Every structure is written in C-alpha cells, then in structure tokens.
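My entries follow the order in which I looked.

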Amino acid sequence: MSDFSNYKFGTTAIHAGAEPDPTTGAIMTPIFQTSTFVQEYPGKHKGYAYARGKNPTREALQKNIAALEKGKHCLCFSSGMGAIDAVMKLMRPGDEIITGDDLYGGSYRMFTKVFANFGIKFHFVNMTNAANIENYVNSNTKLIWAETPTNPTMQIIDIEACANIAQKNNLLLAVDNTFASPYLQNPLSIGADIVMHSVTKYLGGHSDVIMGALVVNDDKLHEQLAFIHNSCGATPGPMDSFLVMRGIKTLHLRMERHCFNGRKIAEYLKTHPKIEKIYWPGFTDHPNHEIAKKQMRDFGGMISIVLKDKSIDNTFKIASSFKVFSLAESLGGVESLINHPATMTHASIPKEEREKAGVVDNLLRLSVGVEDVEDLIEDLKHALG
Ligand SMILES: *Cc1c(COP(=O)(O)O)cnc(C)c1O
C-alpha cells in the first residue's frame, strides 16, 4: 500500500508509511536508533547518510502525516515551535506577515521577540473577517499565518477566504492545524500552501512526546523547507517518531470520542449558572458556526468558558479542584486537561493585548479527553459547584 488517496481516514492512519520491514517482516516500523549509516564507498549508500537529514523511522511517520493531510510532503520537527521557526526562515528582512490576534502564546512570543528582531514585520489582525486581512496586504507581504480554531477563544478563520487573498496577492498561506487535527480539517485541500502541526497534541495524543510537523504539496517549497530542516537541525529522534506513529493509529477513534464528549460537555456547560460565556464552534449561535460547518467535519473537544465571578482567586480555586481533569498546559491527549491561559499558555502575551483578544483572568480552557463523559460532567459539576 503506498497511494492512500482512495482510502478513508482510519485506514490511512493505520497503514500509511507503515510498510513491513523488508529485512525481517516486522509489521511495526523499527526504531532506527542510529546517528549515521555505513557507506560502501564515499557517496554510495542505501539512501541514508546522517540521521539529521534522514532517518527511516522519521520518514515513515512523515509519509503517514502527509497522507492524513492529503499532502505530498511532510517534515517532522523536534517541536511545533521548531516547525514554525522553519517557516519563518523562508522570510527575509523587510518581509511582512499577516496573522491573527488570538494566537498560540508561543507563536506570538516567537514572532514578536525573535523574528521581529530580524526585520520581519507582523500584523496581528482579527482574521474572522477576511476584509481585515486584505487591508494589511502591501508589496512587502509574503505570508498569511492562520490558526483555526483559535486558541483559546475558538474563533474560526475561513481558510478558503484566506487562500483566495493569498492567491490573488501571490502570498503563502500557512495554517496551524493543531486544534482541529487532520481528522477534522485538511487546509491543503482548500487552498493552503503549508499545514503546521504541534504533533505534541492530537496527533501524538498521549502526552508523551514533543514534536512538530509541516505538510506541503509544492515540490519547491518542500525543497526550501527541507533545506532549513537539515541546515538548522530541529529534527526529532526515532523513538519519538515511533511513539507518534503508534499514537496516530488510533487518531480517528480518539477524535470521534473527543468530539462526542466535547459536545456533551459544551451542552452541559452552556446553561450552567456559574458560567458567563462559552466558546465552542459547534453551537449554532457561535459567530463563525457556518464557516466551521463548511471546513470542519466535526467540532472537536476544545472548549473555553468564562466564569461569572471575575476574581482570579475564584478562577484558581475552581481550576485546582478537579479530580479527573488535570490542571496542566497542553491539549489533545487522551486525558482531560484544564488550563488557565492568562497565567499558563498565554502568559507571554501582555495583559492588555491578551484581554483585547478575550483572554481574561476568569477564562478557563478545557481539553476534553476520551474518558467516560458522565465522569467528566460529574467532575465539572463538583468543581464549579
Ligand atoms: C502547542 C502548540 C504549538 C507549539 O507546539 P510545541 O509542540 O509545544 O512546540 C503551536 N501551536 C498551537 C496551536 C499549539 O497548541
């Protein structure tokens, strides 16, 4: 099996890239724990020379993720930030990037504290209205960086509308697809040039690996990114690649349950007397629900809530009184997590910026896991009560 375009998602997740080992028949891709590969004479080898450039375990995983994103090429990185860093290195001083005003905190930090120092200019705009993006396009603009659903206020950005603007103005469109996972949305199929994942989250799915990925269709873009990948060296090891391949084999099963539990919990919380506001794109009254319906297959298990009581003390008390949900950064694992973005994932964003984007002190973000939903609801009832 090598061409997966005719197979459905679950079959692809289990089989893409996972060829039986030709020397032993091992059904699982071996962990090629090696830094170098022996050459017969200089330059004559079996396709592998040094493991930063190419490692068979990583290669198998890259084929798998490419197939899930319906892309031609995938590169895996030692973290999601490593993947974003590689995209930024396609830029030159003077280039401009248009991105969202509700970004993953680490992306915002990298853009403003690292790449701004290299003469790259970032515009942080509300991307839910595509016209806002177009207002910032000028002759220096090179890239639109979109994240959807956004973190943590679950705005939905219209990928097709962004792709139209990118094509019209000869820009690249990159989509951080971490929150949706390839199970819910495939940006390359609706006009994006680059898909980025924090593999750490849903793809890995078991909170045991840090990894990132980029998926592209264009051969030349792949060549440029592969050059940066090997030159700058943020490549993951074979053991982590193996663990992620194992994780992905159940991605479709996990996502089904994340979505099922997410819906039940969102519905439970919607009318809860202690909750002021809930962010979940599956509600028909979510401002971007129609776009979500158009570009996503379901609505996922990421939910944010704003408590009626605005005090940070009360928010902290609730955040630390769960029994099943764990208070921790990250998301997308089998276990349910609760996070206080203002002091955890989004602490690197100045308070004023943060609050403008709705990340207030009384906001909590839930990553709904795949436990039994009755237990999760009971846990919420107790913690909020
Ligand atoms: C976690 C995350 C990242 C960063 O990925 P790491 O694997 O932690 O480096 C980027 N974007 C989003 C949306 C994330 O959730």
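The entries below take the strand, then the ligand, then the rings.

Entry 1, ground rules. I am reading a predicted model, in which local features need pLDDT of at least 70 and side-chain atom pairs count only at pLDDT 80 or more, while totals for chains, interfaces and linings use all residues. Residues are numbered from 1 along each chain as its sequence is written, and side-chain values use heavy atoms, with hydrogens and water left out.

I took helices (H or I, at least four residues) and strands (E, at least two) as DSSP runs, numbered from the N terminus. I called a residue buried under 20% relative accessible area, exposed over 50% and partly exposed in between, with a 1.4 Å probe and protein chains only. In β9 (residues 302–307), 6 of the 6 residues are buried, so the strand is largely enclosed by the rest of the structure. I checked each face: M302, S304 and V306 are buried on one side, and I303, I305 and L307 on the other.

I then looked up the partners of β9, where two strands pair if DSSP finds at least two bridges between them. Strand β8 (residues 275–279) runs antiparallel to β9 and is joined to it by 4 bridges; Y279 stands opposite S304. Strand β12 (residues 363–367) is also antiparallel to β9, with 5 bridges, and its S367 is the bridge partner of M302.

I counted a residue as near if one of its heavy atoms lies within 4 Å. There are 14 residues around the ligand, and G80, D176, S198, T200 and K201 come nearest. I found a polar side-chain atom of S198 at 2.8 Å from a ligand oxygen atom. For K201, a side-chain N or O atom is 2.7 Å from an oxygen atom of the ligand.

I paired rings of Phe, Tyr and Trp (its six-membered ring) with centres within 6.5 Å, calling planes under 30 degrees apart stacked, over 60 edge-to-face and the rest tilted. By this rule I have 11 aromatic pairs. The ring centres of Y108 and F124 are 5.0 Å apart and the planes at 50°, so this pair is tilted. I noted Y108 as buried at 12% relative accessible area and F124 as partly exposed at 28%. W280 and F283 form an edge-to-face pair, at 5.2 Å and 80°; both residues are buried.

Technical notes
Polar contact = N/O pair within 3.5 Å; in protein donor to acceptor, adjacent residues only side chain to side chain.
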